[in-house]
Amino acid sequence: MKRSLIVLLVSLMAFSASASIYFDLPSSNSSGDFNDPALWDKGYVPVDTGDEIKIGNQTNSVAIVDKVQLDYTTTKITTANGGHLRIVTGGFIGNGREIKIGDSGMTSKGFSQSEIGYLDLAGGTLDISGSCKLEIGYKGTGDGRMIVTGGTMMSSGSDGRIYVGTAGASGAIGLVKVIGSAASLAVSGDLYVADQGSTSSAR
C-alpha cells in the first residue's frame, strides 16, 4: 500500500510539473497584459515551475509584455492559433528552455486551432540565454512568424539557438522579418534555416 501511494504521488507530481497554463482572453481578436493574473486560466501570472505557457487559446489573441517578467529557465512558451507574444518598450522576458512560435501540436481549451503563431519584437528585450531553442515554425505543419521592428534580442556567450522552419519535423514554415534598423539582434548561438527535410521552408 505504501509503495502504491508513493508511486501515485510521484506520478501526480510529474503530471503537475508539465501542466499547461493558458493566456485566456475573453474573446478572439483582442489583446491584454501578460502581467495581469486575471488573463491566465489559473488565476496567476506564470512562474518558473516547468509548466508550458500557451498563447492562442482564443483566436488571434495578443499577450503584451511591457514590464519586466521572469527569465524562465524550465518553462516553455508556445504560440499558435494566431496568438502573439508581443514585447514592447519597457518589457523583458527571458527563456532558457524552449520558445515555440507556430506550434502545430499546441492544443487549446475547446476552441478551433490553427498552426500560425507570432513573436512580435517591437521594443524591450527578449533574452534567449542558456539552452533556449527559439523555434519559428514547429513540427510538420507549424507556421511561425517573427516580426522585428525594435527592441533587443540577446544571448550570453555562445548560448541561444534559433530554428527557422526547421524544428521538430519536416514541413514547418518559418518567417523572420526585420523592418527598419531600430532593433538589435545580438545572438551568438547557432542559426538553423530550413534544414529539416525537403518540405521545410524559411523566409
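Strands here are DSSP runs of E with at least two residues, numbered from the N terminus. The model is predicted.

## Exercise 1. Positive phi

Task: Locate Asn-81 among the strands, and decide whether it is buried or exposed.

Solution. 
- Step 1. Asn-81 sits in the loop that runs between β6 and β7 (83-87).
- Step 2. Its relative accessible area is 2%. Buried means under 20%, so Asn-81 is buried.
- Step 3. Now check the backbone. Most residues other than glycine have a negative phi. Asn-81 has a positive phi, near 60 degrees.
- Step 4. Turn to Asn-60, in the loop between β3 and β4. Asn-60 is not a glycine, yet its phi is positive, about 60 degrees.
- Step 5. Asn-60 has 33% relative accessibility and counts as partly exposed.

## Exercise 2. Parallel pairing around β6

Task: Find which strands pair with β6, and in what sense.

Solution. 
- Step 1. Start at strand β3 (residues 52-55). It pairs with strand β6 (residues 76-79) in the parallel sense, over 4 bridges.
- Step 2. Pick out one bridge. Glu-52 has Lys-76 in β6 as its partner.
- Step 3. Move on to strand β9 (residues 98-103). β6 and β9 pair in the parallel sense, over 3 bridges.
- Step 4. Thr-79 has Ile-101 in β9 as its partner.

## Exercise 3. Lys-100 and its contacts

Task: Identify the salt-bridge partner of Lys-100, and the ring that Lys-100 lies over.

Solution. 
- Step 1. Side chains of opposite charge can pair when their charged atoms come close.
- Step 2. The side chain of Lys-100 forms a salt bridge with that of Glu-52, at 3.2 Å from N to O.
- Step 3. This pair links distant parts of the chain. Lys-100 is in strand β9 and Glu-52 in strand β3, 48 residues apart.
- Step 4. Both Lys-100 and Glu-52 are buried.
- Step 5. Look for a ring. Lys-100 lies over the face of Tyr-138, 5.0 Å from the ring centre.

## Exercise 4. A salt-bridge network

Task: Trace the network that contains Lys-67.

Solution. 
- Step 1. The whole structure holds 8 salt bridges.
- Step 2. One of them joins the side chains of Lys-67 and Asp-33, at 2.8 Å from N to O.
- Step 3. Lys-67 is in the loop between β4 (62-65) and β5, and Asp-33 is in strand β2, so this pair ties together parts 34 residues apart in sequence.
- Step 4. Lys-67 also forms a salt bridge with Asp-66, whose closest N and O atoms are 3.0 Å apart.
- Step 5. Shared partners therefore join Asp-33, Asp-66 and Lys-67 into one network.
- Step 6. Compare accessibility. Lys-67 is partly exposed at 34%. Asp-33 is partly exposed at 24%. Asp-66 is partly exposed at 31%.

## Exercise 5. Aromatic pairs

Task: Classify the ring pairs Phe-34 with Trp-40 and Tyr-163 with Tyr-192.

Solution. 
- Step 1. A search of the whole structure finds 3 aromatic pairs.
- Step 2. For Phe-34 and Trp-40, the centres are 5.1 Å apart and the planes are at 80 degrees. Planes over 60 degrees apart count as edge-to-face, so this pair is edge-to-face.
- Step 3. Both Phe-34 and Trp-40 are buried.
- Step 4. For Tyr-163 and Tyr-192, the centres are 4.7 Å apart and the planes are at 10 degrees. Planes under 30 degrees apart count as stacked, so this pair is stacked.
- Step 5. Tyr-163 lies in strand β13 (residues 161-167) and Tyr-192 in strand β16 (residues 191-193), so the pair ties together parts 29 residues apart in sequence.
- Step 6. Tyr-163 is buried at 13% relative accessibility, whereas Tyr-192 is partly exposed at 27%.
- Step 7. Look for a cluster. Ring pairs link Phe-23, Phe-34 and Trp-40.

## Exercise 6. A surface patch and a spatial contact

Solution. 
- Step 1. Leu-70 belongs to strand β5 (residues 68-72). It is partly exposed, at 38% relative accessibility.
- Step 2. Ser-30 lies in the loop between β1 (20-23) and β2 (31-33). At 18% relative accessibility, Ser-30 is buried.

Terms used: Residues are numbered from 1 along each chain as its sequence is written. This is a predicted model: local features need pLDDT of at least 70, side-chain atom pairs count only at pLDDT 80 or more; totals for chains, interfaces and linings use all residues. Side-chain values use heavy atoms; hydrogens and water are left out. Rings of Phe, Tyr and Trp (its six-membered ring) pair if their centres lie within 6.5 Å; planes under 30 degrees apart count as stacked, over 60 as edge-to-face and the rest as tilted. Buried means under 20% relative accessible area, exposed over 50%, partly exposed in between (1.4 Å probe, protein chains only). A charge sits over a ring if NZ of Lys or CZ of Arg is within 6 Å of the ring centre and within 35 degrees of the ring normal. Two strands pair if DSSP finds at least two bridges between them. A salt bridge is a side-chain nitrogen of Lys or Arg within 4 Å of a carboxyl oxygen of Asp or Glu.
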